[in-house]
Number of protein chains: 2
Amino acid sequence: MKYCSNCGSDSLAFKIPEGDNLPRHICGNCQTIFYQNPRIITGTLPIWQDQILLCKRAIEPRYGLWTLPAGFMENNETVEQAATRETWEEAQAKVEQLNLYVMASLPDRNQVYMIFCAQLSDLNYAPGIESLDVKLFKKDEIPWNNIAFRVITKTLNYYFDDRVIGEFPLHMTTLLKPINNNC
Amino acid sequence: MKYCSNCGSDSLAFKIPEGDNLPRHICGNCQTIFYQNPRIITGTLPIWQDQILLCKRAIEPRYGLWTLPAGFMENNETVEQAATRETWEEAQAKVEQLNLYVMASLPDRNQVYMIFCAQLSDLNYAPGIESLDVKLFKKDEIPWNNIAFRVITKTLNYYFDDRVIGEFPLHMTTLLKPINNNC
C-alpha cells in the first residue's frame, strides 16, 4: 500500500493507531485507517460412493497439480454458498449435504480454509475454466505426490482415516509455512 | 475506494476483470485489481459452572449493550488465537478447551462469525478497554433485551437449549439484515 485509497495522498504511515495495539496503514492527510484481515478459502470434498472428486489446476500457483474444488469466499454470500459456487466453477459439479469438516488456519498466509464434506448430486461434472481435468478417485488412485496444497493432502488423509470408523468430526488444524516455502 | 493504493491514480473503474465473473475495483493506470472479501469475527462463549461471561460494550456500535467477547481476526494468527486474544482484550479473561460452536454467515455485512464454547480458567476477569463491565450471568439473569447483536442472542439461545441435553454440536447459520437495519 503506497497511496491512500480515500484521498490519493502518499503520506501513508504504518503505525499503531491510538487505542489500538497493532500497526495499520494510516493516511497522514485524511487520517483514514486501513485494516487488513485474513481471507477465507472454502470448498468441498465431493464424495461419490467410495470415490472423491479432484480437479487438476489450470492456473498458478500449482498449475497441473490436483486439488479439491475451493477458492476465496466473496462478499455477499454465505460460507456454504461460496463452497457450493467454487465446486460448480472448478468442477461444474453439484453437491449437497454439506458438513463442515476441516477448518485450517494458515497464519503465515493470512488464510483460513473451510472444507465441507459433501455428496456429489450426480455424475455430470466437467473441468471449469480454472481446471484442466476433473476426475473421481478411489483411495488407492489418489495422486498423493501431485496434490497442489498441503491442506488438501491433510484433508484427504483425515477423510480416509475417518472413513474406516465411519465418523467425520470437524478437524481444527493449523498449518505453518515450511522452510522451503511450499504451499 | 477513490484512488489506486498502488499508483495513486484516480482512474479506478468498478468492472469485471477478464476471466472473472464479479466486478472489482481496477486501476486504469497500473491495472491493479483490488479484491474485497468477507472478514472473520471470532470470540468465545466463556462458561463458568452454570454461568456465562458477558461484556458491556464501551464502544460503538451498541455502546452500553451486552455481548460475548469477540472481534475481528487479525493477520498472522489462528482462529483459536484470535478468539482467545479477543476474550483477553475485552474481558481480561483466560479461557481453555475451545470448541467451535457457532459459525454464522452475515452476507449483507460481509462477515463470518465463529464463536467457540470455552471454559473460563479462573475468576480473574475485568473490563478491558472496550468494555464498561464484565459479569457472569445465570440463564435467568441474562439481559435478553439488552444484547448487542442478534448473532449473540442466537448463540446464547443455542447454548441454553443444548445445555438441557448436554450436547453442544456446531451450529451453522445465516443472519440476513432485518428491515430496520439492526445489527
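Modeller: A residue is buried if 20 or more other C-beta atoms lie within 10 Å of its own, exposed if 12 or fewer, and partly exposed in between, with C-beta atoms placed from the backbone. Residues are numbered from 1 along each chain as its sequence is written, while chains are lettered from A, and ligands numbered from 1, in the order in which they are written. This is a predicted model: local features need pLDDT of at least 70, side-chain atom pairs count only at pLDDT 80 or more, and totals for chains, interfaces and linings use all residues.

Biologist: Okay. What is the mean pLDDT of chain A?

Modeller: The mean is 96, and 98% of the residues of chain A reach 70 or more. pLDDT is the predictor's confidence in each residue, from 0 to 100. Where pLDDT is low, the predicted coordinates should not be read in detail.

Biologist: How many helices and strands does chain A have?

Modeller: Chain A has two helices and 11 strands. Both are DSSP runs numbered from the N terminus: helices are H or I with at least four residues, strands are E with at least two.

Biologist: In what order do the elements run?

Modeller: From the N terminus, chain A goes β-β-β-β-β-β-β-α-β-β-β-α-β.

Biologist: And what box do the C-alpha atoms fill?

Modeller: Along the principal axes, the C-alpha atoms of chain A fill roughly 60 × 30 × 30 Å.

Biologist: Which domains does the assignment give chain A?

Modeller: Domain 1 covers 1-36 and domain 2 covers 39-174. The bounds come from an automatic or database domain assignment. In chain A, the C-alpha centres of these two domains are 37 Å apart.

Biologist: New topic. How many residues of chain A are in contact with chain B?

Modeller: 33 residues of chain A contact 33 residues of chain B. Contact means that the C-beta atoms of two residues, placed from the backbone, lie within 7 Å.

Biologist: Which strands of chain A supply at least two residues of that side?

Modeller: β4 (39-48), β8 (95-106) and β11 (171-174) each do. The largest share, three residues, comes from β8(A).

Biologist: How many of those residues are nonpolar, polar or charged?

Modeller: The side of chain A that touches chain B has 16 nonpolar, 12 polar and five charged residues. Nonpolar means Ala, Val, Leu, Ile, Met, Phe, Trp, Tyr, Cys and Pro; charged means Asp, Glu, Lys and Arg; the others, Gly among them, are polar.

Biologist: What rotation superposes chain A on chain B?

Modeller: A rotation of 180 degrees, with 0.0 Å of shift along its axis and an RMSD of 0.0 Å. The two copies are thus related as by a two-fold rotation axis. The superposition is by least squares on C-alpha atoms of residues with pLDDT of at least 70 in both copies. Also, 97% of the interface residues of chain A are interface residues in chain B too, so the copies meet through the same surface.

Biologist: Now the inside. What share of chain A is buried?

Modeller: Of its 183 residues, 34% count as buried.

Biologist: Which residues touch the most other members of the largest nonpolar core?

Modeller: Y113(A), I115(A), Y113(B) and I115(B), in a core of 80 residues. A nonpolar core is a set of buried Ala, Val, Leu, Ile, Met, Phe, Trp, Tyr and Cys residues joined through C-beta atoms within 7 Å.

Biologist: Which residues does Y113(B) touch?

Modeller: Leaving out residues up to four places away in sequence, Y113(B) touches I41(B), V102(B), M103(B), A104(B), L106(B) and V151(B).

Biologist: What is the phi of N110(A)?

Modeller: Near 55 degrees, which is positive, and N110(A) is not a glycine. N110(A) is in the loop between β8 and β9 (111-120) of chain A.

Biologist: Why does N110(A) count as partly exposed?

Modeller: Because N110(A) has 16 C-beta neighbours inside 10 Å.
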